[in-house]
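Please look over the sequence and the structure below. A short report on selected parts follows.

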Amino acid sequence: MVLVLVPALVGCGSGGRTPTGGPADRPRYFGPVAPPAGEGFYRPPVPLPAGRAGDVLWSRPVPAAGPFATAGARVVQVLYLSSGALGRPIAVSGTVLVPVHPAGDAPILGYAPGTQGLGDDCAASKGLAVGVNLAVGAITEALGRGWIVAVPDYEGLGTPGEHTYVVGPAEGHALLDIVRATPRVAGLTGAAHRRVGLTGYSQGGGAAVWAAQLAPAYAPDLDLRGVAAGGVPADLGAVGRALDGKGAAGLGLAAAVGLDAAYPDLRLNALLTPSGRSVFAAVRTACSLALVTGFAGRRIADLTTTDPMTLPRWRARLAENTLGRVAPRIPLYLYHATSDSLVAFGQAARLRTEYCTRRVAVTWAPFPGDHIDGVGRTQEALRFLADRFAGLPTHGNC
(Lines give C-alpha, C1' and ligand atoms only; values in the text may rest on other atoms or scores of the structure.)
Protein backbone atom coordinates (compact mmCIF):
# COMPACT_ATOMS: atom_id res chain seq x y z
CA MET A 1 0.00 0.00 0.00
CA VAL A 2 1.29 3.44 -0.95
CA LEU A 3 0.64 6.38 1.33
CA VAL A 4 -0.14 9.86 0.16
CA LEU A 5 0.21 12.41 2.92
CA VAL A 6 -2.01 15.40 2.25
CA PRO A 7 -2.12 18.34 4.68
CA ALA A 8 -5.53 18.36 6.32
CA LEU A 9 -5.93 22.11 6.39
CA VAL A 10 -8.76 24.32 5.24
CA GLY A 11 -8.14 25.97 1.87
CA CYS A 12 -5.43 25.66 -0.75
CA GLY A 13 -2.60 27.78 -2.06
CA SER A 14 0.62 28.77 -0.34
CA GLY A 15 -0.66 31.40 2.05
CA GLY A 16 -1.03 29.00 4.98
CA ARG A 17 2.57 27.85 4.97
CA THR A 18 5.78 29.38 6.16
CA PRO A 19 9.21 27.86 5.47
CA THR A 20 10.14 27.58 9.13
CA GLY A 21 8.61 26.07 12.22
CA GLY A 22 9.30 23.02 14.35
CA PRO A 23 7.46 19.71 14.51
CA ALA A 24 4.93 21.08 17.01
CA ASP A 25 3.61 23.35 14.26
CA ARG A 26 3.09 20.55 11.74
CA PRO A 27 -0.39 20.06 10.23
CA ARG A 28 -2.33 16.82 10.55
CA TYR A 29 -2.48 14.27 7.71
CA PHE A 30 -4.79 11.64 6.38
CA GLY A 31 -4.38 8.67 4.00
CA PRO A 32 -3.91 6.19 2.44
CA VAL A 33 -4.48 7.43 -1.12
CA ALA A 34 -2.64 6.30 -4.25
CA PRO A 35 -0.18 8.84 -5.74
CA PRO A 36 -0.25 9.60 -9.47
CA ALA A 37 1.28 6.83 -11.55
CA GLY A 38 4.41 7.05 -13.68
CA GLU A 39 5.72 10.52 -14.45
CA GLY A 40 2.60 12.00 -12.90
CA PHE A 41 4.28 11.35 -9.54
CA TYR A 42 6.56 14.34 -10.23
CA ARG A 43 3.72 16.76 -10.98
CA PRO A 44 2.47 18.39 -7.77
CA PRO A 45 -1.12 19.52 -7.31
CA VAL A 46 -1.93 23.03 -8.56
CA PRO A 47 -2.23 25.07 -6.47
CA LEU A 48 0.00 23.56 -3.83
CA PRO A 49 -1.78 22.57 -0.62
CA ALA A 50 -1.17 24.72 2.40
CA GLY A 51 1.48 23.25 4.65
CA ARG A 52 5.02 23.66 5.93
CA ALA A 53 8.44 23.03 4.47
CA GLY A 54 9.20 19.33 4.80
CA ASP A 55 5.56 18.24 4.65
CA VAL A 56 4.99 15.23 2.38
CA LEU A 57 2.62 15.47 -0.58
CA TRP A 58 2.94 11.79 -1.46
CA SER A 59 5.39 8.91 -1.63
CA ARG A 60 5.79 5.53 -3.29
CA PRO A 61 8.10 2.56 -2.76
CA VAL A 62 10.21 1.44 -5.72
CA PRO A 63 11.96 -1.94 -6.04
CA ALA A 64 15.54 -1.73 -4.77
CA ALA A 65 18.00 -2.24 -7.62
CA GLY A 66 21.73 -2.92 -7.96
CA PRO A 67 23.72 -2.47 -4.75
CA PHE A 68 20.60 -1.32 -2.91
CA ALA A 69 18.94 -4.68 -3.60
CA THR A 70 22.09 -6.52 -2.49
CA ALA A 71 22.09 -4.50 0.73
CA GLY A 72 18.41 -5.25 1.33
CA ALA A 73 17.59 -1.53 1.49
CA ARG A 74 14.11 -0.11 1.20
CA VAL A 75 13.80 2.65 -1.44
CA VAL A 76 11.00 5.24 -1.36
CA GLN A 77 10.44 8.15 -3.73
CA VAL A 78 8.87 11.25 -2.22
CA LEU A 79 7.35 14.56 -3.27
CA TYR A 80 7.53 17.17 -0.50
CA LEU A 81 7.09 20.86 0.17
CA SER A 82 10.08 23.18 0.23
CA SER A 83 11.02 26.80 -0.54
CA GLY A 84 12.71 28.35 -3.57
CA ALA A 85 15.58 30.82 -3.44
CA LEU A 86 13.18 33.71 -2.82
CA GLY A 87 11.08 31.83 -0.28
CA ARG A 88 8.31 30.84 -2.70
CA PRO A 89 6.59 27.55 -1.75
CA ILE A 90 7.54 24.76 -4.17
CA ALA A 91 7.40 20.98 -4.41
CA VAL A 92 10.62 18.94 -4.70
CA SER A 93 11.07 15.25 -5.44
CA GLY A 94 13.66 12.95 -3.93
CA THR A 95 14.54 9.51 -2.58
CA VAL A 96 14.69 8.09 0.92
CA LEU A 97 16.69 4.87 1.46
CA VAL A 98 16.33 2.82 4.62
CA PRO A 99 18.83 0.11 5.61
CA VAL A 100 17.60 -3.43 6.21
CA HIS A 101 18.15 -3.17 9.98
CA PRO A 102 18.20 0.50 11.03
CA ALA A 103 18.85 1.15 14.69
CA GLY A 104 15.97 2.62 16.66
CA ASP A 105 17.81 5.93 16.80
CA ALA A 106 19.51 5.63 13.40
CA PRO A 107 20.84 9.00 12.19
CA ILE A 108 19.68 10.57 8.94
CA LEU A 109 22.25 11.43 6.30
CA GLY A 110 21.14 14.18 3.93
CA TYR A 111 23.06 13.34 0.74
CA ALA A 112 23.17 16.22 -1.75
CA PRO A 113 23.88 14.86 -5.26
CA GLY A 114 26.44 16.41 -7.55
CA THR A 115 25.66 17.72 -11.02
CA GLN A 116 22.92 15.62 -12.64
CA GLY A 117 22.09 18.06 -15.44
CA LEU A 118 19.17 20.38 -16.16
CA GLY A 119 16.63 18.15 -17.90
CA ASP A 120 13.92 16.38 -15.93
CA ASP A 121 15.18 12.98 -17.07
CA CYS A 122 18.47 13.75 -15.29
CA ALA A 123 16.94 13.76 -11.79
CA ALA A 124 18.86 11.66 -9.26
CA SER A 125 15.71 9.84 -8.13
CA LYS A 126 15.31 8.32 -11.60
CA GLY A 127 18.84 6.91 -11.62
CA LEU A 128 18.66 5.74 -8.02
CA ALA A 129 15.46 3.84 -8.85
CA VAL A 130 17.52 1.58 -11.11
CA GLY A 131 20.64 1.61 -8.91
CA VAL A 132 22.70 3.80 -11.25
CA ASN A 133 24.28 7.06 -10.09
CA LEU A 134 27.72 8.33 -9.10
CA ALA A 135 26.35 8.58 -5.56
CA VAL A 136 25.52 4.86 -5.28
CA GLY A 137 28.83 3.93 -3.63
CA ALA A 138 28.60 6.56 -0.91
CA ILE A 139 24.92 5.86 -0.27
CA THR A 140 25.54 2.11 -0.02
CA GLU A 141 28.36 2.71 2.45
CA ALA A 142 26.11 4.91 4.57
CA LEU A 143 23.37 2.25 4.50
CA GLY A 144 25.95 -0.29 5.62
CA ARG A 145 26.57 1.88 8.67
CA GLY A 146 22.87 1.63 9.50
CA TRP A 147 22.12 5.23 8.50
CA ILE A 148 18.96 6.38 6.74
CA VAL A 149 19.79 8.37 3.60
CA ALA A 150 17.72 11.21 2.10
CA VAL A 151 18.57 12.44 -1.42
CA PRO A 152 16.81 15.49 -2.92
CA ASP A 153 16.40 16.09 -6.65
CA TYR A 154 16.50 19.90 -6.11
CA GLU A 155 14.05 22.45 -7.44
CA GLY A 156 12.88 21.95 -11.02
CA LEU A 157 14.76 18.68 -11.57
CA GLY A 158 12.07 16.10 -12.29
CA THR A 159 9.34 18.49 -11.15
CA PRO A 160 7.88 21.28 -13.35
CA GLY A 161 9.92 24.41 -13.98
CA GLU A 162 13.60 24.95 -14.62
CA HIS A 163 16.27 23.59 -12.31
CA THR A 164 17.85 26.30 -10.15
CA TYR A 165 21.29 24.79 -10.68
CA VAL A 166 23.94 25.82 -8.07
CA VAL A 167 21.63 28.42 -6.51
CA GLY A 168 22.56 28.06 -2.85
CA PRO A 169 19.36 28.93 -0.94
CA ALA A 170 17.15 26.76 -3.17
CA GLU A 171 19.47 23.76 -2.86
CA GLY A 172 20.01 24.20 0.85
CA HIS A 173 16.27 24.35 1.45
CA ALA A 174 15.64 21.23 -0.65
CA LEU A 175 18.24 19.27 1.31
CA LEU A 176 17.02 20.34 4.74
CA ASP A 177 13.40 19.70 3.84
CA ILE A 178 13.87 16.14 2.58
CA VAL A 179 15.58 15.42 5.91
CA ARG A 180 12.50 16.84 7.64
CA ALA A 181 10.28 14.63 5.48
CA THR A 182 12.28 11.44 6.05
CA PRO A 183 10.88 10.14 9.37
CA ARG A 184 7.32 10.15 8.01
CA VAL A 185 8.33 8.73 4.61
CA ALA A 186 10.37 5.93 6.16
CA GLY A 187 7.75 5.12 8.79
CA LEU A 188 10.30 5.53 11.55
CA THR A 189 9.61 4.91 15.19
CA GLY A 190 11.89 5.40 18.16
CA ALA A 191 13.84 8.58 18.75
CA ALA A 192 11.72 11.55 17.68
CA HIS A 193 14.66 13.95 17.44
CA ARG A 194 17.21 12.24 15.22
CA ARG A 195 20.81 13.14 14.65
CA VAL A 196 21.41 14.60 11.18
CA GLY A 197 24.53 14.87 9.05
CA LEU A 198 24.89 16.37 5.57
CA THR A 199 27.28 15.50 2.79
CA GLY A 200 27.80 16.05 -0.92
CA TYR A 201 30.39 16.65 -3.62
CA SER A 202 30.65 19.39 -6.27
CA GLN A 203 27.14 20.85 -6.69
CA GLY A 204 26.17 18.65 -3.75
CA GLY A 205 29.03 19.99 -1.65
CA GLY A 206 27.74 23.50 -2.22
CA ALA A 207 24.21 22.44 -1.32
CA ALA A 208 25.40 20.83 1.92
CA VAL A 209 27.37 23.88 3.06
CA TRP A 210 24.51 26.20 2.12
CA ALA A 211 22.22 24.04 4.24
CA ALA A 212 24.66 24.42 7.15
CA GLN A 213 24.54 28.22 6.83
CA LEU A 214 20.75 28.31 6.48
CA ALA A 215 19.81 25.75 9.13
CA PRO A 216 19.80 27.92 12.29
CA ALA A 217 17.10 30.21 10.88
CA TYR A 218 15.40 27.89 8.38
CA ALA A 219 15.41 24.50 10.11
CA PRO A 220 16.10 24.97 13.83
CA ASP A 221 14.10 21.80 14.52
CA LEU A 222 16.84 19.58 13.05
CA ASP A 223 19.59 18.16 15.26
CA LEU A 224 22.34 18.91 12.75
CA ARG A 225 25.69 17.49 13.91
CA GLY A 226 28.09 18.17 11.03
CA VAL A 227 28.71 18.59 7.30
CA ALA A 228 31.27 16.87 5.08
CA ALA A 229 31.51 18.56 1.67
CA GLY A 230 33.94 18.27 -1.23
CA GLY A 231 34.61 20.25 -4.39
CA VAL A 232 32.49 23.13 -3.11
CA PRO A 233 31.58 25.91 -5.61
CA ALA A 234 31.64 28.61 -2.94
CA ASP A 235 32.05 31.59 -5.28
CA LEU A 236 30.05 31.10 -8.48
CA GLY A 237 31.64 34.11 -10.15
CA ALA A 238 35.15 32.74 -9.64
CA VAL A 239 34.10 29.25 -10.74
CA GLY A 240 32.40 30.63 -13.84
CA ARG A 241 35.38 32.75 -14.86
CA ALA A 242 37.67 29.73 -14.60
CA LEU A 243 35.33 27.62 -16.77
CA ASP A 244 34.59 30.21 -19.45
CA GLY A 245 35.98 29.14 -22.83
CA LYS A 246 37.46 25.93 -21.38
CA GLY A 247 36.62 22.28 -21.97
CA ALA A 248 33.84 22.15 -19.37
CA ALA A 249 32.39 25.55 -20.23
CA GLY A 250 28.93 23.99 -20.28
CA LEU A 251 28.90 23.93 -16.49
CA GLY A 252 29.27 27.71 -16.44
CA LEU A 253 26.45 28.07 -18.96
CA ALA A 254 24.29 25.79 -16.81
CA ALA A 255 24.99 28.00 -13.80
CA ALA A 256 23.72 31.01 -15.77
CA VAL A 257 20.52 29.09 -16.55
CA GLY A 258 20.13 28.11 -12.89
CA LEU A 259 20.54 31.65 -11.64
CA ASP A 260 18.10 32.96 -14.23
CA ALA A 261 15.55 30.31 -13.19
CA ALA A 262 15.78 31.38 -9.55
CA TYR A 263 15.82 35.15 -10.11
CA PRO A 264 13.43 36.50 -12.79
CA ASP A 265 15.08 39.92 -12.59
CA LEU A 266 18.19 38.56 -14.34
CA ARG A 267 16.41 38.27 -17.75
CA LEU A 268 19.00 36.02 -19.40
CA ASN A 269 16.98 35.49 -22.60
CA ALA A 270 17.00 39.23 -23.30
CA LEU A 271 20.79 39.13 -23.41
CA LEU A 272 21.25 36.21 -25.83
CA THR A 273 22.31 36.42 -29.46
CA PRO A 274 20.58 34.10 -31.99
CA SER A 275 23.49 31.70 -31.60
CA GLY A 276 23.26 32.04 -27.84
CA ARG A 277 19.57 31.13 -27.87
CA SER A 278 20.38 27.93 -29.76
CA VAL A 279 23.22 26.97 -27.42
CA PHE A 280 21.28 27.70 -24.26
CA ALA A 281 18.27 25.73 -25.54
CA ALA A 282 20.56 22.69 -25.67
CA VAL A 283 22.01 23.45 -22.24
CA ARG A 284 18.54 23.54 -20.65
CA THR A 285 17.90 19.84 -21.40
CA ALA A 286 21.43 18.43 -21.08
CA CYS A 287 22.42 15.88 -18.44
CA SER A 288 25.79 15.91 -16.68
CA LEU A 289 28.01 14.25 -19.29
CA ALA A 290 26.72 16.49 -22.06
CA LEU A 291 27.22 19.58 -19.89
CA VAL A 292 30.83 18.64 -19.16
CA THR A 293 31.80 17.59 -22.71
CA GLY A 294 29.28 19.06 -25.14
CA PHE A 295 30.00 22.79 -24.97
CA ALA A 296 33.79 22.88 -24.97
CA GLY A 297 35.32 26.26 -25.72
CA ARG A 298 32.09 28.22 -25.48
CA ARG A 299 32.48 31.74 -24.10
CA ILE A 300 29.59 33.58 -22.50
CA ALA A 301 30.64 36.83 -24.21
CA ASP A 302 30.22 35.17 -27.63
CA LEU A 303 26.66 34.10 -26.82
CA THR A 304 25.34 37.35 -25.37
CA THR A 305 24.92 40.95 -26.48
CA THR A 306 26.16 42.06 -23.06
CA ASP A 307 28.30 39.94 -20.76
CA PRO A 308 25.98 39.20 -17.81
CA MET A 309 28.90 39.32 -15.38
CA THR A 310 29.29 43.05 -16.05
CA LEU A 311 25.68 43.86 -15.11
CA PRO A 312 24.90 45.06 -11.56
CA ARG A 313 21.85 42.81 -11.23
CA TRP A 314 23.90 39.71 -12.07
CA ARG A 315 26.77 40.71 -9.82
CA ALA A 316 24.36 41.26 -6.93
CA ARG A 317 22.79 37.81 -7.31
CA LEU A 318 26.23 36.20 -7.55
CA ALA A 319 27.21 37.95 -4.34
CA GLU A 320 24.06 36.60 -2.63
CA ASN A 321 25.11 33.11 -3.68
CA THR A 322 28.66 33.34 -2.33
CA LEU A 323 29.37 31.16 0.71
CA GLY A 324 31.38 32.25 3.73
CA ARG A 325 29.60 35.37 4.90
CA VAL A 326 27.61 33.52 7.56
CA ALA A 327 29.25 31.20 10.07
CA PRO A 328 27.70 27.72 10.36
CA ARG A 329 27.24 26.60 13.95
CA ILE A 330 28.39 23.02 13.35
CA PRO A 331 31.74 21.39 12.44
CA LEU A 332 32.67 21.19 8.76
CA TYR A 333 34.94 18.81 6.84
CA LEU A 334 35.93 20.42 3.52
CA TYR A 335 38.03 18.60 0.92
CA HIS A 336 39.12 19.78 -2.52
CA ALA A 337 41.42 18.71 -5.36
CA THR A 338 44.41 21.03 -5.64
CA SER A 339 44.38 20.82 -9.48
CA ASP A 340 40.61 20.98 -9.87
CA SER A 341 39.74 21.99 -13.44
CA LEU A 342 35.97 22.17 -12.88
CA VAL A 343 35.57 23.90 -9.51
CA ALA A 344 38.51 26.26 -8.96
CA PHE A 345 40.66 25.37 -5.94
CA GLY A 346 41.46 28.96 -4.95
CA GLN A 347 37.88 29.96 -4.21
CA ALA A 348 37.44 26.86 -2.00
CA ALA A 349 40.59 27.71 -0.07
CA ARG A 350 39.20 31.22 0.47
CA LEU A 351 36.02 29.70 1.89
CA ARG A 352 38.09 27.82 4.43
CA THR A 353 39.85 31.07 5.37
CA GLU A 354 36.53 32.91 5.71
CA TYR A 355 35.16 30.25 8.04
CA CYS A 356 38.34 30.06 10.07
CA THR A 357 38.20 33.83 10.53
CA ARG A 358 34.67 33.38 11.85
CA ARG A 359 35.85 30.64 14.24
CA VAL A 360 34.01 27.79 12.55
CA ALA A 361 35.41 24.33 13.41
CA VAL A 362 36.69 23.55 9.90
CA THR A 363 38.76 20.50 9.03
CA TRP A 364 40.42 21.39 5.70
CA ALA A 365 41.64 18.44 3.63
CA PRO A 366 43.09 19.37 0.22
CA PHE A 367 44.29 16.43 -1.88
CA PRO A 368 46.30 16.09 -5.11
CA GLY A 369 44.44 15.50 -8.34
CA ASP A 370 41.56 16.82 -10.44
CA HIS A 371 37.85 17.14 -9.71
CA ILE A 372 36.93 13.59 -10.67
CA ASP A 373 39.44 12.23 -8.17
CA GLY A 374 37.29 13.49 -5.31
CA VAL A 375 34.12 11.63 -6.32
CA GLY A 376 35.14 8.44 -4.56
CA ARG A 377 36.68 10.05 -1.47
CA THR A 378 33.69 9.26 0.71
CA GLN A 379 35.22 7.16 3.50
CA GLU A 380 36.91 10.12 5.19
CA ALA A 381 33.75 12.20 4.86
CA LEU A 382 31.51 9.52 6.35
CA ARG A 383 34.03 8.79 9.10
CA PHE A 384 33.97 12.49 10.02
CA LEU A 385 30.17 12.37 10.28
CA ALA A 386 30.23 9.11 12.24
CA ASP A 387 32.40 10.83 14.85
CA ARG A 388 29.94 13.72 15.02
CA PHE A 389 27.02 11.31 15.44
CA ALA A 390 28.97 9.69 18.29
CA GLY A 391 29.34 13.07 19.99
CA LEU A 392 33.13 13.22 19.63
CA PRO A 393 34.52 16.78 19.72
CA THR A 394 36.47 18.40 16.91
CA HIS A 395 38.13 21.79 16.73
CA GLY A 396 39.21 21.59 13.10
CA ASN A 397 42.65 22.50 11.80
CA CYS A 398 42.40 26.26 11.28
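This is a predicted model: local features need pLDDT of at least 70, side-chain atom pairs count only at pLDDT 80 or more; totals for chains, interfaces and linings use all residues.

Residues are numbered from 1 along each chain as its sequence is written, and side-chain values use heavy atoms, with hydrogens and water left out.

**Disulfides**

The structure holds 2 disulfides (a disulfide is a pair of cysteine sulfur atoms within 2.5 Å). With the bonded cysteines numbered in sequence order, the pairing is 1-2, 3-4.

| Disulfide | S to S distance | Torsion about the S-S bond |
|---|---|---|
| Cys122 and Cys287 | 2.0 Å | -90° |
| Cys356 and Cys398 | 1.9 Å | about -80° |

The link of Cys122 and Cys287 is left-handed. This pair joins distant parts of the chain, 165 residues apart: Cys122 is in the loop between E6 and H2, and Cys287 is in the loop between helix H8 (274-283) and helix H9 (288-293). Helices (H or I, at least four residues) and strands (E, at least two) are DSSP runs, numbered from the N terminus. Cys122 is buried, at 7% relative accessible area, whereas Cys287 is partly exposed at 32%. Here buried means under 20% relative accessible area, exposed over 50%, and partly exposed in between (1.4 Å probe, protein chains only).

The disulfide of Cys356 and Cys398 is left-handed as well. It also links distant parts of the chain, with Cys356 in helix H12 (residues 345-357) and Cys398 in the segment after H13, 42 residues apart. Cys356 is buried, with 18% relative accessibility, and Cys398 is exposed, with 53%.

**Helix H3**

In helix H3 (residues 136-144), the buried residues are Val136, Ala138, Ile139, Ala142 and Leu143. Seen down the axis of H3, they fall within an arc of 165°, so they line one face of the helix; the arc is that of the directions from the helix axis to the C-beta atoms. An α-helix has 3.6 residues a turn, so residues three or four places apart point the same way. The elements against which the buried residues of H3 pack include helix H1 (67-70), strand E5 (89-98) and helix H13 (379-389), where contact means heavy atoms within 4.5 Å. Just after H3, Gly146 has a positive phi of about 85°.

**Asp221**

Asp221 is found in the loop between helix H5 (203-218) and strand E9 (223-230). Asp221 counts as buried, at 12% relative accessibility. Its side chain makes a polar contact with the side chain of Arg180 at 2.8 Å. A polar contact is a pair of N or O atoms within 3.5 Å; within protein, one must be able to donate a hydrogen and the other to accept it, and residues adjacent in sequence count only if both atoms are side-chain atoms.
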